[in-house]
Amino acid sequence: MSSFTVQSLVLVSWFVVVAVLAGGEDSSDAAMFPAMFVFGDSLVDNGNNNHLNSLARSNYLPYGIDFAGNQPTGRFCNGKTIVDFVGELLGLPDIPAFMDTVDGEVDISGGVNYASAAGGILEETGRQLGERFSMARQVENFEKTLVEITRMSRSESVKEYMAKSLVVVSLGNNDYINNYLKPSLFLTNSIYDPTSFADLLVSNFTTHLLKLYGKGFRKFVLAGVGPLGCIPDQLAARAAPPGECVEAVNEMAELFNNRLISLVDRLNSDNKTASEGIFVYGNTYGAAVDILTNPFAYGFEVTDRGCCGVGRNRGEITCLPLAVPCAFRDRHVFWDAFHPTEAFNLIIARRAFNGSKSDCYPINLSQLSRL
């Protein structure tokens, strides 16, 4: 790429960000939030790990087989993730992975995705898989984005933009499946009982979350950990009887989620008005259990094994390069050993967008956008 082209792209990105921050005509009138910023793991990673020296990468087929162009993007899914669908429902453009923005050639006005496969709340989580961005590192990466946003507009405009933007945080899953539940690799299981470990996670989570709040964000959605005892990886590893989940693992997830709900209550109590901050709990656990309990009502036929993978429940080895996945992917809850299909993701996104308090507490995303 010539230096002229690079400079032109940088200028285009600069003018788009300025227009959006200033409320100009280049901003999307249909968008319910000016931007969305995502912090998470492989459930919402849209390509950051493509740029890392990591075993946790999905930049090969059949990942992305149902995505636009039928090409892998770094998403750990056959198609779109939950936040892809959430963005569409909110009227937002596709947001770039942070690692695709570092050269300054990508429009960041609609938000950025910092999620990283194998990343967790704790710094050591997922270390056996190589490079990844922990929650702390993702917050640091956002600070780099904020420098660019601040450089491009007046401080008053940036403050309003931040306060109205949506922050989605989906972390904690790897702290169990790539830390606590791997006692041969990590000491946490021998140091903490499940209750103490959940306390540790939420304490660290709160520290990083409040850093984001301190930067000016005011609208947050905090996704709970899913029913990890039902994913093919755990069904295979713990030899669960057919038709049953690993309840001990699900109970650990609920310990974390209950503390996350308490955190939402406390933060909302501390912030009396919408301008001070609104925190929402996304009940992915409850929605997933509902789907797994009533699969036919949602169009699913297979709930206990991956569409792509090797071994028992297709959960012992995750989807390998050029593997042939199942033909009817929309009938499967799980795409691989750890991740759901696009069909599942769409249901969860819709429930987050306009569901009841059992889906999003205390309000859903549509309601949040109007505050």
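This is a predicted model: local features need pLDDT of at least 70, side-chain atom pairs count only at pLDDT 80 or more; totals for chains, interfaces and linings use all residues.
Is A118 buried or exposed? At 3% relative accessibility, A118 counts as buried, because the cut-off for that word is under 20%.

A118 is not a glycine, yet its phi is positive, at about 80°. Most residues other than glycine have a negative phi, and most peptide bonds are trans. N70 belongs to the loop between β1 and α2. Is N70 buried, exposed or partly exposed? With a relative accessibility of 46%, N70 counts as partly exposed.

I turn now to peptide bonds. The bond from L61 to P62 is cis, with omega near 15°, and P62 lies in the loop between β1 and α2. Another cis bond joins Y361 and P362, where omega is about 5°. P362 is found in the loop between β8 and α12.

The loop between β1 (36-40) and α2 (82-89) also holds N49. N49 is buried, its relative accessible area being 1%. The side chains of N49 and S116 are joined by a polar contact of 2.6 Å. Leaving aside residues up to four places away in sequence, N49 touches S54, A56, R57, S116, A117 and E131.

Next, the sheet. Six strands form an open sheet in the order β2-β1-β3-β4-β5-β8, with mixed pairing. The strands β2 (111-113) and β8 (360-361) stand at the edges with a single partner strand each, so one side of each has no neighbour in the sheet. Further in, β1 pairs with β3 (residues 166-170) in the parallel sense, over five bridges. Within that pairing, V38 has V168 in β3 as its bridge partner.

Helix α7 packs on this sheet and touches β1, β3, β4 (219-223) and β5 (278-282). The direction of α7 makes about 155° with that of β4.

How far apart are the end C-alpha atoms of α7? They are 30 Å apart, which agrees with the 30 Å that its 21 residues, 194-214, should span at 1.5 Å a residue. Buried residues of α7 include F197, A198, L201, V202, F205, L209 and L212. An α-helix has 3.6 residues a turn, so residues three or four places apart point the same way. Just after α7, G216 takes a positive phi of about 125°.

Thank you for your attention.

How values were computed:
Residues are numbered from 1 along each chain as its sequence is written. Side-chain values use heavy atoms; hydrogens and water are left out. Helices (H or I, at least four residues) and strands (E, at least two) are DSSP runs, numbered from the N terminus. Buried means under 20% relative accessible area, exposed over 50%, partly exposed in between (1.4 Å probe, protein chains only). A polar contact is a pair of N or O atoms within 3.5 Å; within protein, one must be able to donate a hydrogen and the other to accept it, and residues adjacent in sequence count only if both atoms are side-chain atoms. Contact means heavy atoms within 4.5 Å. The expected span of a helix is 1.5 Å times one less than its number of residues. Two strands pair if DSSP finds at least two bridges between them. Axes are lines fitted to C-alpha atoms, for helices over the stretch in contact, and angles run from 0 to 180 degrees between N-to-C directions.
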